[in-house]
Amino acid sequence: MKTLNSNGITLSYDSFGEEAAEAILLISGLGTQMIRWADPFCRELAALGYRVIRFDNRDAGRSTSFAQHGTVDVGTLVSLLMAGQRPPVTYTLADMAADAIGLLDALSIPQAHVVGRSMGGMIAQMMASEHPSRVLSLTSIMSATGNPALPSAEPDAMTMMMRPAPDPVLDEAGFLDHGVAFARRVAGTAYPFDEEACRALLREEVRRGRVPGGFGRQFAAIALAGDRRSQLATIKAPTLVIHGTNDPLFAPDCGRDTAASIPDAEMMLIEGMGHDLPAQLFRTVAQAIDRTARRSRPSIFGA
């Protein structure tokens with residue numbers, strides 16, 4: 001793992017493929033680390049001719065922690081928002097998008113294909129709308145626009161996500177059981193759930209570094225981002241929206257709304273996929289990202 005300075009903080013990152021190749025930047029979701037972009041998936045993309053870069057968002061993994069700012073009381077946050085008030089937050093999604101732009105700057109990469117999942121999809125959308133000259137193509141996976149009219153997450157899945165996990169230092173077994181139960185709930189129905197792989201991933205995230213309160217501070221950034229459809233309407237980069245039919249956190253309508261909000265976006269609805277990217281879909285999704293990236297290249301016929 002390597003680190004670099006970006007937007008006034010330190011980001012941890014790594015990469016696959018040739019440094020001179022076109023770059024794909026992978027952005028992780030809420031409360032998760034860059035290793036959620038599994039090595040085999042990154043290698044699938046690199047084999048298609050790209051330099052694949054993944055990184056820990058701020059407040060996750062080995063990137064800068066904001067733990068000194070304290071934890072977020074999600075209940076109070078939601079109550080203030082429902083009352084029409086804007087509570088203070090430690091940082092915003094725009095700050096996180098600026099982190100990603102700073103990472104590209106530090107790596108001397110003028111433009112990249114940007115791929116984000118869940119919260120990472122929101123950050124990728126923001127990059128494409130606010131930094132259009134830096135984004136060659138956009139792939140938004142299992143994400144949303146902030147449209148308040150969209151369906152809410154399924155209540156039991158949201159309850160599981162918001163329930164605090166046991167401290168892995170004091171109760172590693174409880175922590176792993178908590179994480180596995182949630183992962184199983186959101187995984188969808190079409191592909192077998194690999195419990196051992198999930199446990200190994202959770203253990204690796206603990207080993208790499210668990211940031212106290214990071215989930216809540218990132219959640220607050222999402223909550224205050226609001227409805228971004230007017231921003232998405234300005235996106236010019238070729239765009240692919242990938243969503244699962246069994247996503248219990250962001251219903252399929254969230255993906256459809258994202259695609260409808262971005263001019264000429266392509267919608268790819270995957271039957272049985274949940275809020276997860278199973279290994280069985282690595283090649284399918286990698287090839288779809290590649291097709292979208294190719295749309296950004298000038299035609300040899302000038303069309």
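This is a predicted model: local features need pLDDT of at least 70, side-chain atom pairs count only at pLDDT 80 or more; totals for chains, interfaces and linings use all residues.

In strand β4, F55 is the bridge partner of Y13. The chain reaches β4 from β3 by way of helix α1 (residues 39-47), and the β-α-β crossover made in this way is right-handed. Strand β2 (residues 9-16) pairs with β4 in the antiparallel sense, over four bridges. Strand β3 (residues 22-27) runs parallel to β4, and five bridges join the two.

How enclosed is strand β4 by the rest of the structure? Six of the six residues of β4 (residues 50-55) are buried, so the strand is largely enclosed. In a regular strand, side chains alternate between the two faces of the sheet. In β4 both faces are covered: Y50, V52 and R54 are buried on one side, and R51, I53 and F55 are buried on the other.

**The sheet as a whole**

Stepping back, eight strands form an open sheet with mixed pairing, in the order β1-β2-β4-β3-β5-β6-β7-β8. The edges are taken by β1 (2-6) and β8 (266-270), each of which has a single partner strand, so one side of each is left without a neighbour in the sheet. From one strand to the next, the twist averages 25 degrees.

Back at β3, strand β5 (residues 112-117) pairs with β3 in the parallel sense over five bridges. A23 is involved here too, standing opposite A112 in β5. Helix α4 (residues 119-130) packs on the sheet, where it touches β3, β5 and β6 (135-141), and its direction makes about 145 degrees with that of β5.

Helix α11 (residues 282-294) also lies across the sheet, over β3, β4, β5, β6, β7 (239-244) and β8, and it runs at about 145 degrees to β6. The buried residues of α11 are F282, V285, A286, A288, I289, D290, T292 and A293.

| Helix | Number of residues | Span, first to last C-alpha | Expected span |
|---|---|---|---|
| α11 (282-294) | 13 residues | 18 Å | 18 Å |
| α6 (172-186) | 15 residues | 21 Å | 21 Å |

In α6, the buried residues are G174, F175, L176, G179, V180, F182, A183 and V186. An α-helix has 3.6 residues a turn, so residues three or four places apart point the same way. The cover over the buried residues of α6 includes α5 (155-162) and α7 (195-208). Just after α6 comes G188, with a positive phi of about 90 degrees.

**An aromatic cluster**

The model has four aromatic pairs. One of them joins W37 and F41, which are stacked, with 5.7 Å centre to centre and 25 degrees between the planes. Both W37 and F41 are buried. Together with F282, W37 and F41 form one aromatic cluster. F282 is also among the buried residues of α11.

Most residues other than glycine have a negative phi. N7, which is not a glycine, has a positive phi of about 55 degrees, and S118, also not a glycine, has a positive phi of about 55 degrees. Where are they found? N7 is in the loop between β1 and β2, and S118 is in the loop between β5 and α4. Is S118 buried or exposed? S118 has a relative accessible area of 11%, which is under the 20% limit, so S118 counts as buried. N7 has a relative accessible area of 41%, so N7 is partly exposed.

Let's finish in strand β2, where L11 is found. L11 is buried, with a relative accessible area of 0%. Which residues is L11 in contact with, leaving aside its neighbours within four places in sequence? They are K2, T3, L4, S6, F55, D56, R58, S63, D99 and L103. S63 lies 52 residues from L11 along the chain, yet their C-alpha atoms are separated by 4.4 Å. F55 in that list brings us back to β4, where F55 is the bridge partner of Y13.

Technical notes:
Residues are numbered from 1 along each chain as its sequence is written. Side-chain values use heavy atoms; hydrogens and water are left out. Buried means under 20% relative accessible area, exposed over 50%, partly exposed in between (1.4 Å probe, protein chains only). Two strands pair if DSSP finds at least two bridges between them. A crossover is right-handed if, with the strands pointing away from the viewer, the path from the first strand over the helix to the second runs clockwise. Axes are lines fitted to C-alpha atoms, for helices over the stretch in contact, and angles run from 0 to 180 degrees between N-to-C directions. Contact means heavy atoms within 4.5 Å. The expected span of a helix is 1.5 Å times one less than its number of residues. Rings of Phe, Tyr and Trp (its six-membered ring) pair if their centres lie within 6.5 Å; planes under 30 degrees apart count as stacked, over 60 as edge-to-face and the rest as tilted.
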